[in-house]
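This briefing is meant to be read beside the sequence and the coordinates.

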Amino acid sequence: MPENMERVPLLEIEGLKKYYPIEAGISKKKIGEVKAVDNINLTVYKNEVLGVVGESGCGKTTLGRTVLRIIEPTAGKVKFHFDDKEVDFTALDKKELRKMRRYLQMIFQNPYTSLNPRMTIFDIVAEPMRLGGGFTEDEISERVKTLINKVGLEVKHLNRYPHAFSGGQRQRIGIARALVMDPKFVVADEAVSALDVSIQAQILNLLKELKDENNLTYMFIAHNLSVVEHVSDRVCVMYLGRVVEMAETEELFYHPKHPYTEALLSAIPVADPTVENNRIMLPGEVGNAANLPSGCCFHPRCKYACEECKTKVPELRELTPGHFAACHRIEDLKLEGIGELKVKNSSKS
Ligand SMILES: Nc1ncnc2c1ncn2[C@@H]1O[C@H](COP(=O)(O)OP(=O)(O)OP(=O)(O)O)[C@@H](O)[C@H]1O
Ligand SMILES: [Mg+2]
């Protein structure tokens, strides 16, 4: 988003939670719950790309899907602002939701499993228009053809089935389907993770072009920071269902305030093979969302953890305008951002 542009909220996510029950035996008795998304508060501004990053299992997909009500949240609200109206998206009944759905769409994580193998490309891309209703077959046909060209495929592809296409082409089909109803907000869930690096760049460029052309706002989900760096205006870092840090992209990369972000930054690959990697190896695995560590969820893996971190959950605090972090030790740590890491690397070569 250009710096001088006024920030207008598009989505306000308030106290969003998704807990999955863990059931045992044939009686399906609830014996616990997986806190996949645990009390997330954030605002997505019009025309921005909000990157969401974190390790596998931290709740990125669950966040994207609960925001769009592809899965129902356990608690919380999603307010959607459009045409000077404010809609409580979480309070809509089924019929209203079907009408509003067109404005909020998703590009799914895996292009190999997200397209129905028994449907032609035409029917896949047309599906949201048919479900939404109110269009003639001619209108549908025209719109599908326009979209398929926009994403770089040809009209002659429309009668084929998904198996005839490569991963990159399938992701283009997924993008056409997400955009066919002219949405305002798109969740791109690891839209490029399953693709070769050269194809990743093509798809990222396509997403950027389509954003500019169609005034879109994206939530761009990825599991590492290097993918979000070049596409995001702001970045939100998640750990075990919670936001641990959020800031403008450059601010987050150069001045991280959370030890987890510092570790993710240190893991960005360095292109020069003569340079030794300064990667911070996090001990242990990402914690268990069904049995969250006490206090700060990150404390068992954090080299800076103190006694307070073991017992008290840190709140997400705004440190400077727009820069939020949840860590008890923010004030006394001097964490290394991408700037220090680059200097360290170049002095070793
Ligand atoms: N339907 C489900 N039932 C129970 N637990 C689930 C379900 N879906 C996801 N989970 C759990 O919720 C947590 C978050 O999963 P989610 O898929 O949102 O993570 P993610 O960050 O998208 O991971 P990845 O990077 O692997 O895609 C995980 O612990 C996962 O096992
Ligand atoms: Mg996921």
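The model is a predicted one, and every value quoted here was computed from it.

**Helix 3 and its two partners**

- The axes of helix 3 (residues 121-132) and helix 4 (residues 137-150) come within 10 Å and cross at roughly 120°, which makes helix 3 oblique to helix 4.
- Helix 3 passes helix 4 in a right-handed crossing, and the contact involves Ile121, Phe122, Val125, Ala126, Met129 and Arg130 on the helix 3 side, with Glu137, Glu139, Ile140, Ser141, Arg143, Val144 and Ile148 on the helix 4 side.
- Sorted by class, the residues of this contact between helix 3 and helix 4 are eight nonpolar, one polar and four charged.
- With helix 5 (residues 167-179), helix 3 has an axis approach within 7 Å and a crossing angle of roughly 30°, and helix 3 is therefore roughly parallel to helix 5, as angles under 35 degrees count as such.
- The crossing of helix 3 and helix 5 is right-handed, and in it Ile121, Ile124, Val125, Glu127 and Pro128 of helix 3 meet Ile173, Ala176 and Arg177 of helix 5.
- The residues of the contact between helix 3 and helix 5 comprise six nonpolar, no polar and two charged.
- The buried residues of helix 3 are Ile121, Phe122, Ile124, Val125, Ala126, Pro128 and Met129, and what covers them includes helix 4 and helix 5.
- Just after helix 3, Gly133 takes a positive phi of about 80°.

**Helix 5 against helix 6**

- Helix 5 also packs on helix 6 (residues 197-214), at an angle of about 15° and with the axes 10 Å apart, so that the two helices are roughly parallel to each other.
- Helix 5 passes helix 6 in a right-handed crossing.
- From helix 5, the residues Gly168, Gln171, Arg172, Ile175 and Leu179 take part, and they meet Ile199, Gln202, Ile203, Leu206, Leu207 and Leu210 in helix 6.
- The residues of the contact of helix 5 with helix 6 divide into seven nonpolar, three polar and one charged.

- Just after helix 1, Arg69 takes a positive phi of about 55°.

- Leaving aside neighbours within four places in sequence, Thr217 is in contact with Leu10, Val44, Tyr45, Lys46, Asn47, Glu48, Lys184, Phe185 and Val186.

**Positive phi in residues other than glycine**

- Lys28 is found in the loop between strand 1 (9-24) and strand 2 (29-45), and its phi is near 55°, a positive value in a residue other than glycine.
- The relative accessible area of Lys28 is 55%, and this residue is exposed.
- Asn39 lies in strand 2, and its phi, near 65°, is again a positive value in a residue other than glycine.
- At 43% relative accessibility, Asn39 counts as partly exposed.

Definitions and conventions: Residues numbered from 1 in each chain as written. Chains lettered and ligands numbered in written order. Predicted model: local features only at pLDDT ≥ 70, side-chain atom pairs only at ≥ 80, totals over all residues. Heavy atoms only, no water. Axes fitted to C-alpha atoms, helices over the stretch in contact; angles between N-to-C directions. Helix = DSSP H or I, 4+ residues; strand = E, 2+ residues; numbered from the N terminus. Parallel < 35°, antiparallel > 145°, perpendicular 65-115°, else oblique. Left-handed = near helix turned anticlockwise from the far one by under 90°. Contact = heavy atoms within 4.5 Å. Nonpolar A, V, L, I, M, F, W, Y, C, P; charged D, E, K, R; others polar. Buried < 20%, exposed > 50% of the residue type's maximum accessible area, 1.4 Å probe, protein only.
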